[in-house]
There are 2 protein chains.
Amino acid sequence: MFKLLAPAFLVVVSAAPSIAADAPSLSERYRGVSERLIAAAMSDTEGYERLTYLCDRIGPRLSGSAALNTAIAWSAEQMKSVGLENVRLVPAKVPNWVRGAESARMTAPYDLPLHMLGLGMSVGTPPGGITAEVVAVSDFNELAKLGRENVAGKIVLYNEPFRGYGPTVTYRSTGASRAAALGAVGALVRSVTPLAAQLPHTGTMQYDQAQPKIPAAAVSPEDAMMMARLIASGVRVKVHLEMGAQTLPDADSANVIGDLPGSELPDEIVVLGGHSDSWDVGQGAQDDGAAIMASLEAVSLMKKLGLRPRRTVRVAIWVNEENGSRGGEAYRAWLGDQVSKHVAAIEMDGGAETPRGYGASVDEPSRAILRDIARLLEGIGAGSITAQGGGEDIRPLMEAGVPGLSEQTLGTHYFDWHHSAADTLDKVTPEDFRKNMASLAVMSYVLADMPGRLAASPR
Amino acid sequence: MFKLLAPAFLVVVSAAPSIAADAPSLSERYRGVSERLIAAAMSDTEGYERLTYLCDRIGPRLSGSAALNTAIAWSAEQMKSVGLENVRLVPAKVPNWVRGAESARMTAPYDLPLHMLGLGMSVGTPPGGITAEVVAVSDFNELAKLGRENVAGKIVLYNEPFRGYGPTVTYRSTGASRAAALGAVGALVRSVTPLAAQLPHTGTMQYDQAQPKIPAAAVSPEDAMMMARLIASGVRVKVHLEMGAQTLPDADSANVIGDLPGSELPDEIVVLGGHSDSWDVGQGAQDDGAAIMASLEAVSLMKKLGLRPRRTVRVAIWVNEENGSRGGEAYRAWLGDQVSKHVAAIEMDGGAETPRGYGASVDEPSRAILRDIARLLEGIGAGSITAQGGGEDIRPLMEAGVPGLSEQTLGTHYFDWHHSAADTLDKVTPEDFRKNMASLAVMSYVLADMPGRLAASPR
């Protein structure tokens, strides 16, 4: 089923020309078309119907899984069914981590099953599991203070409260190897979430190749706090951890792309999308099913309205954002020199709560242009433009100089659900979904149609 | 360990005399003592330390469990350690429902484990479980419309969204028998909670003895919504339900009571407390560990401050509120005619979020008195007095004419945690715990010391 699109254009452009004095008029120029797109989005039902199918009928879709293959094939069909052209799969080899059976129990001071989820890419335990005393730390400083004499042979529990995703996720990403460096035999990480609802949140981790690979799992905030309290009160806590996780040979997978070819400059491309893969729990609704279905329907709306911008608008459903970034890298590699023809890349990977606008890694004049365009989105509350855009799927494009935008939402509850069994369809309201779709439709249309193009921020 | 207190006073009073014109001065009269109690409560650490021990060291304590016995014995010790007098256990036989191993899986249209908790007092399934098609209804009207021809042999899923505890809990309480009346073989109930976090919430149910007893379980809101969506889209959903639940012979248990005897009218009693039992998941922190530990410490504070009101203040830790109400009934029966000497009963069983005041089932003049007393609590935000007080533990007292008050909190998140694995210590903030303790201390002290007594609302 994999088709490779031979790179047809090998033109290398030197620097992306930015727009000059006509820019401030964009919001006026596109007022009419944006109102049509927004109205169509706000009454759309097909997008949410597709999201419902993806969530309820295909379900979670970890890289390497059969469900992901189904989602990819089905996505390609959907693109064709709405009339996108050049629908194709761009092959990517993806990591094939499988969870296997897993559990954790506190075995001292009493027996209690823990709410756990192994971290993605973790090794498993030996058969029969491991049992060890737990040492609890709030951060890496405390770990360092404990030192090897207190850590060797133990399971390290990182009980770091949520202080925003960026500052907190480092314990999930690197905690196992930093504990292993002091001789720990396992790592437990308080789930990276502000919500304590006995819900473990998984996510990927990386090993420092210089350290022994020890098994690592997330536990619910409650379980982490409880064990930390017991330990702080002088009680000896032991945990039995059993994980059947293993990493199989890389699996064949693919990005899915489809185009609404431009009317004047079809080789210039605005790409928008998100990622097909999810974790293996929940339904991958907020992360990132809503994004790919909203992107697809955003472009479908242009077709339905008979709109065709000057440049091509491409929907990209990248693969393997969660635990490898192979999709974004494969897409970049597949483009070759054509990457210079990408005038903008828009990634939606922050959930589908009420949209508020875009983060954009562009230069100052381009940001002014975006602020002008964003006026068209003020009516749906999405008129904000902030610095710093991007996303794991479009990172390779941005590294090649493509201006990158991240669709942004209020994100009030995103990390309540993120990477957990609770990332399910009910978390995406039809109203918010439509607003995101509207925002994507307007932004991608204008970027594809406007006279000039954005320039990436200086690197 | 059980000691019976022989009823010593058999005086029957006709009607509780209510207070007259001196009432409006109560808030002035008790300003000084209330400020001392509140200050002591707001700097107290012992109460929360005891709650921590109860949650982390004793844990969940379902009626009939060994942990409940531990909690009861430990509570009596704690009462003694703070200097309460007449500490004793009032025996009660309690239902002994045990969950056993349980699970539920959706088996069609695909295989998916469900997030479930059997309902308290449910029968189990036959060994090996049951597998049946699921019919979904939003309410009893829809069930009736389906009729026996569509329900017989099926599992009924009640997918009623949370519309407040009272209106919604009826599906949990009576849904199984109402489904059984139409031939259903099992009942699944969307958890009675406003929060969808893949967390099942248990709770008790009752069988209509005229109907076959079918197994009943709660499922997470997400799982309920998901199955209902699939069914609504025409997909046939099947579930395999396996529950090892059984009800063993009643177990010996007890209420724990302890007094701060009154200085002038020691046979007149203000009783305050909550219940020792909890569900068998989580830690019973909000429901109702915080209440019993706050009640105990509230009276301990009076001792520490050298305060002794005219009447006796009694801390009561009733048993079996969750699935039988046997503790409250046993206490009432044990009192006999002495119940008339109870001048007020205060139950705290609405969690330990920020207190806002009291609901009170008293007559109008008494409500005015309470409003006056509640002025003393305005500084901690707990100055509200509303009609309708009570609680399952003090219901039998109220039925005997005792004025009943329920300590009330904001309750913002109470039903997010209620009866679930997430009812853990972290949900009780020390600050809110102290405010509840302060509120209980002031209200119980004034009611025990003031010149007159409240009168219950006319029945």
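How far apart do the C-alpha centres of domain 1 of chain A and domain 2 of chain A lie? They are 35 Å apart, in a model that is predicted.

**View 1. The two domains of chain A.** Let's start with how the chain is divided. Domain 1 of chain A is built from two stretches, 23-96 and 249-449, while domain 2 covers 100-244. Where they touch, 11 residues of domain 1 of chain A are in contact with 13 residues of domain 2 of chain A. The domain 1 side of this meeting place has five nonpolar, four polar and two charged residues.

**View 2. Chain A as a whole.** Follow the chain and you will find 13 helices and 16 strands. The C-alpha trace spans about 70 × 40 × 40 Å along its principal axes. Chain A has a radius of gyration of 23 Å, which agrees with the value near 23 Å for a compact globule, because chain A has 459 residues.

**View 3. Inside chain A.** Buried residues account for 60% of the 459 residues. Now look at contacts between residues at least 6 apart in sequence: 84% of them join residues at least 24 apart.

**View 4. Where chain A meets chain B.** Here 16 residues of chain A are in contact with 16 residues of chain B. Helix 3 (46-58) and helix 7 (221-232) of chain A each bring at least two residues to the side that touches chain B. Helix 7 of chain A gives the largest share, five residues. Sorted by class, this side of chain A holds nine nonpolar, three polar and four charged residues.

Note on methods: Residues are numbered from 1 along each chain as its sequence is written. Chains are lettered from A and ligands numbered from 1 in the order in which they are written. This is a predicted model: local features need pLDDT of at least 70, side-chain atom pairs count only at pLDDT 80 or more; totals for chains, interfaces and linings use all residues. Helices (H or I, at least four residues) and strands (E, at least two) are DSSP runs, numbered from the N terminus. The radius of gyration is taken over C-alpha atoms; the globule rule is 2.2 Å times the number of residues to the power 0.38. A residue is buried if 20 or more other C-beta atoms lie within 10 Å of its own, exposed if 12 or fewer, and partly exposed in between; C-beta atoms are placed from the backbone. Two residues are in contact if their C-beta atoms, placed from the backbone, lie within 7 Å. Ala, Val, Leu, Ile, Met, Phe, Trp, Tyr, Cys and Pro count as nonpolar, Asp, Glu, Lys and Arg as charged, and the others, Gly among them, as polar. Domain bounds come from an automatic or database domain assignment.
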